[in-house]
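Hi everyone, thanks for coming. I'd like to walk you through one model today, so let me put it up on the screen.

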Amino acid sequence: MKPRAGLGAVFSRTALTLYVIVMLIWLLFPIVLVLLASFQGKLEVDFSLAGLNLEAYKAIPPAYWQAFWFTVRAAVSATALAIVIAVPAAWAMVRGRLRGRRVLSNVVLIPDVVPQLIMGIALLTVFIPLHLSNNFAGILLALVALSLSTGLRFSEALLEGLPEEYEQAALSLGASRLKSFLLVTIPLIAPGIAIAALFIFMQNLVTFELLFFVAGPNATPISVRLFSDIVDRGVIPYAVAMAGILVYVAMAFYTLVAVTLGPKYMAGSVMSRKG
Amino acid sequence: MAPARERPAPIVDPAPKGRGRALSDDTSILKRRLLRERLFYRLCTVPALLVTGLVAVVPLLLLVFNSFRNQASGAFSLEYYGASLGNAFFLRTLATTIGIALGVTVICIILALPLAYLLARRTLLRNVIMPVITIPRMLPFVVIGYAMILLLAPTTGVVNKVLLGLGILQQPAFILFDWPGQAIAFCYTGIVVATAVLTGVMMSVDPQLEDAAVSMGATRLRAFFVITLPLAIPGIVAATALIFTSIVTAYAIPVMLNGRVPYMISLLISANLLTLQQPHLAYAQAVIVSCLAIGVTAFAQWFLLRYGQRGGAR
């Protein structure tokens, strides 16, 4: 844009800059505050850098670490399962030109469309008689159902972008359908699937409302643990430190995706954040 | 897996001419092979359907089914819907929830639109700000709640301390554990989502269209309102639906920043379910709320289909 002379232009330019700065501060404040508080080990955040220490991090009790690793375990297994289930399904739907394909993919999208709070309540009613509430399997199942929709959406898009000719070439040279899928299709979409897995993993890691009702003392994801502690006991410094660790995880995730794909990819990405 | 090992059915010329005798044989083999192939494809989708069916469809159907049954006798009844929709407290809470959600959504969209526009047009700015709007999306809402408390808590919060220190406030403001605190928290998450979605939409609007308008004598501002904004409307609708539904059914923030009166409908539902031991009433209310949320999403989808998907729905 060409700079235009005149008071009005200068004024609007300043206003715009101011607006961007204010928005930036507004967007950044939770991260900054949580990190500052976690390093100051107290709840009254001030902006002096003198009293920084690691006390709060050292004070994180084992139960928190347990919850953290529990969540990581559940998220990793759910992601792996979801990919293993979603990729063949997407392949069959795209290549097989199955009748009722739209219905099929819409059914799988249900856990994503229904609000997570309601899904959680519905799961609770079914899981209690099945003894699936308050254990790892229940959490895992809930996460897999949630991940499937993302996984299917990703892999359908990937497969639709992949020309069918590669597979047909393999077929015409005598490979079986399965062989051509494993040797031709999978390697071609593997990078995209890896990115999808990363997104699904992150989504699983931060899911809260879906898991809140089916979680219990024997199966506590970290978000539920942080939540119930703040409700029962208020803000505790070591809980803030754990929140800080989650911020680091998010930063690591962003860096990973930005380095591999370039930051442009994140704008309007498929990951719709809910709950 | 048997059909997989089979040679694939080539894209076929079904009846090779001049082999009259084998013709019917050939087509039947071909038909069987095609059938088996289709079966194999169907088998591939079974696990996905099974998991979704067991973990989503059945529980949801049960939820709806139970909401129509009396809790004690199991007889069919509409009493829970009547009790919800005839209850002034429920309706008031629902109205408050919708009001907060609507207000916050509108504010978020308006605040995020210019930022999204700038981000879409300035690559440098976008590369700098992208992490700032992406990282919060990778955080559990609980963490946002912690940050809100650190920011706004009555005596220890940063804002109160600064304002007291400057002498603007005489006594600490108690906005956190009341509806304004919740609205502010929702504003935060809403702006993050809106900026991310709208940036993607704005990037898909061709800047040359605007340049054309400017070259014909429009000011930049006018070009934005007349050209860019209308083209971005599908994205705005999508973002609105997303933010609105996520606020209506939010649970973490309303509980963490709750006052004594439940303002948000999700609190009422979970209280009925967990503390008051009226699960069927809670189911009925959950059905009402999900109808609202899904209705809004469906309307947005319909709108996008009807008026083109230029902006990109996601």
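Predicted model: local features only at pLDDT ≥ 70, side-chain atom pairs only at ≥ 80, totals over all residues.

Let's begin with one residue, A:Val113, which is partly exposed because its relative accessible area is 36%; buried means under 20%, exposed over 50%, and partly exposed in between, with a 1.4 Å probe and protein chains only. A:Val113 sits in helix α5 (residues 110–113) of chain A. Helices here are DSSP runs of H or I with at least four residues, strands are runs of E with at least two, and both are numbered from the N terminus.

Residues are numbered from 1 along each chain as its sequence is written, chains are lettered from A and ligands numbered from 1 in the order in which they are written, and side-chain values use heavy atoms, leaving out hydrogens and water.

Now, chain A as a whole. The chain has 12 helices and 0 strands. Of its 275 residues, 54% are buried. Contact means heavy atoms within 4.5 Å, and among contacts in chain A with a separation of 6 or more, 78% join residues 24 or more positions apart. The accessible surface of chain A is about 12000 Å², and carbon and sulfur atoms hold 70% of that; the areas come from the Shrake-Rupley method with a 1.4 Å probe, and for residues only the protein chains shown count as cover.

Next, A:Asn204 in helix α9 (residues 177–206) of chain A. Is A:Asn204 buried or exposed? With a relative accessible area of 1%, A:Asn204 is buried. Its side chain makes a polar contact with the side chain of A:Ser147 at 3.1 Å. By polar contact I mean a pair of N or O atoms within 3.5 Å; within protein, one must be able to donate a hydrogen and the other to accept it, and residues adjacent in sequence count only if both atoms are side-chain atoms. Leaving aside residues up to four places away in sequence, A:Asn204 touches A:Ala75, A:Ala78, A:Thr79, A:Leu143 and A:Ser147.

On to the interface. Chain A and chain B bury about 8400 Å² between them, with 80% of it on carbon and sulfur atoms; buried area is the accessible area (1.4 Å probe) that two parts lose on being put together, summed over both. On the side of chain A that touches chain B, α1(A) gives the most, with 15 residues. In total, 94 residues of chain A and 88 residues of chain B take part in the contact. There are 5 residue pairs in polar contact between the two chains, both residues at pLDDT 80 or more.

Finally, the rings. Over all chains there are 24 aromatic pairs. For one of them, A:Phe29 and B:Tyr188, the ring centres are 5.6 Å apart and the planes at 80 degrees, so the pair is edge-to-face. Rings of Phe, Tyr and Trp (its six-membered ring) pair if their centres lie within 6.5 Å, and planes under 30 degrees apart count as stacked, over 60 as edge-to-face and the rest as tilted. A:Phe29 counts as buried at 9% relative accessibility, and B:Tyr188 counts as buried at 1%.
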